[in-house]
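Hello,

Here is the structure I promised to pass on to you. Have a look at it first, and then read on for what turned up in it.

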Amino acid sequence: MQHDLVARIEALLREELAELGEDVKNLKPEDYARHMHCRVFPDESMVYAWKGLDILRVVPEKQPDGEILWRMFTGEEAGHC
């Protein structure tokens with residue numbers, strides 16, 4: 001389950017970077033280390049930012065059965081306009 005979540009986050013981040021005009025295939029690990037930041041909040045939600053621009057928001061929603069559904073928001077829904 002966690003592997004699927006991580007894979008989906010990675011895919012969305014690549015899509016968002018491509019939409020910003022980044023050449024994702026040529027980005028190096030040091031580019032990610034320098035420009036990608038993740039803020040984690042007390043409710044366990046996360047916001048990923050690239051060069052200071054929020055590009056992906058991940059929000060946990062606890063279901064009645066106790067399962068966590070992870071909702072993801074990109075673009076303007078992630079916080080950038």
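This is a predicted model: local features need pLDDT of at least 70, side-chain atom pairs count only at pLDDT 80 or more; totals for chains, interfaces and linings use all residues.

Asp31 sits in helix H2. One polar atom of the Asp31 side chain lies 2.7 Å from the backbone nitrogen of Lys28. Leaving aside residues up to four places away in sequence, Asp31 touches Asn26, Met36 and Trp50.

**The chain as a whole**

Now for the wider view. The chain contains 2 helices and 4 strands, and they follow the pattern α-α-β-β-β-β when read along the sequence. The C-alpha trace spans about 45 × 25 × 20 Å along its principal axes. Of the 81 residues in the chain, 32% are buried. Among contacts with a separation of 6 or more, 30% come from residues 24 or more positions apart.

**An aromatic pair**

Trp50, one of the residues that Asp31 touches, turns up again here. How many aromatic pairs does the structure hold? There is 1. Tyr32 and Trp50 form this pair, in an edge-to-face arrangement with 5.8 Å from centre to centre and 65° between the planes. The pair links distant parts of the chain, since Tyr32 belongs to helix H2 (residues 29-35) and Trp50 to strand S2, 18 residues apart. Are the two partners buried or exposed? Trp50 is buried, as its relative accessible area is 3%. Tyr32 has 28% relative accessibility, so it counts as partly exposed.

**Strands and hairpins**

Next, the strands. S2 (residues 46-50) pairs with S3 (residues 53-62) in the antiparallel sense, over 5 bridges. On this side of S3, Met46 has Val58 as its bridge partner. S2 and S3 make a hairpin with 2 residues between the strands.

S3 also pairs with S4 (residues 68-74), again in the antiparallel sense, and this pairing runs over 7 bridges. Two of the positions you can look up are Lys62, which stands opposite Ile68, and Val59, which stands opposite Arg71. The hairpin of S3 and S4 has 5 residues between the strands, and Gly66 in its turn has a positive phi of about 95°.

There is also a charge over a ring: Arg57 lies over the face of Phe73, at 4.5 Å from the ring centre.

Most residues other than glycine have a negative phi. Which residues other than glycine have a positive phi? Glu44 and Lys51 are two examples. Glu44 has a phi near 75°, and its place is the loop between strand S1 (36-40) and S2. With 53% relative accessibility, Glu44 counts as exposed, because the limit for that class is over 50%. Lys51 has a positive phi of about 50° and lies in the loop between S2 and S3.

**The nonpolar core**

The largest nonpolar core has 14 residues, and Ile9, Leu13, Leu17, Met36, Tyr48 and Leu56 have the most contacts inside it. Helix H1 (2-19), S2 and S3 are the elements that give two or more residues to this core. Which of the elements gives the most to this core? H1 does, with 5 residues.

Not counting residues up to four places away in sequence, Ile9 touches Tyr48, Leu56, Val58 and Met72. Val58 is also the bridge partner of Met46, while Tyr48 and Leu56 are, like Ile9, among the core residues with the most contacts. Met36, too, is in that group, and Met36 is one of the residues touched by Asp31, where this tour began.

Happy exploring, and do write back with any questions.

Best wishes

How values were computed:
Residues are numbered from 1 along each chain as its sequence is written. Side-chain values use heavy atoms; hydrogens and water are left out. Two strands pair if DSSP finds at least two bridges between them. Rings of Phe, Tyr and Trp (its six-membered ring) pair if their centres lie within 6.5 Å; planes under 30 degrees apart count as stacked, over 60 as edge-to-face and the rest as tilted. Buried means under 20% relative accessible area, exposed over 50%, partly exposed in between (1.4 Å probe, protein chains only). A charge sits over a ring if NZ of Lys or CZ of Arg is within 6 Å of the ring centre and within 35 degrees of the ring normal. A polar contact is a pair of N or O atoms within 3.5 Å; within protein, one must be able to donate a hydrogen and the other to accept it, and residues adjacent in sequence count only if both atoms are side-chain atoms. Contact means heavy atoms within 4.5 Å. A nonpolar core is a set of buried Ala, Val, Leu, Ile, Met, Phe, Trp, Tyr and Cys residues joined through side-chain atoms within 4.5 Å.
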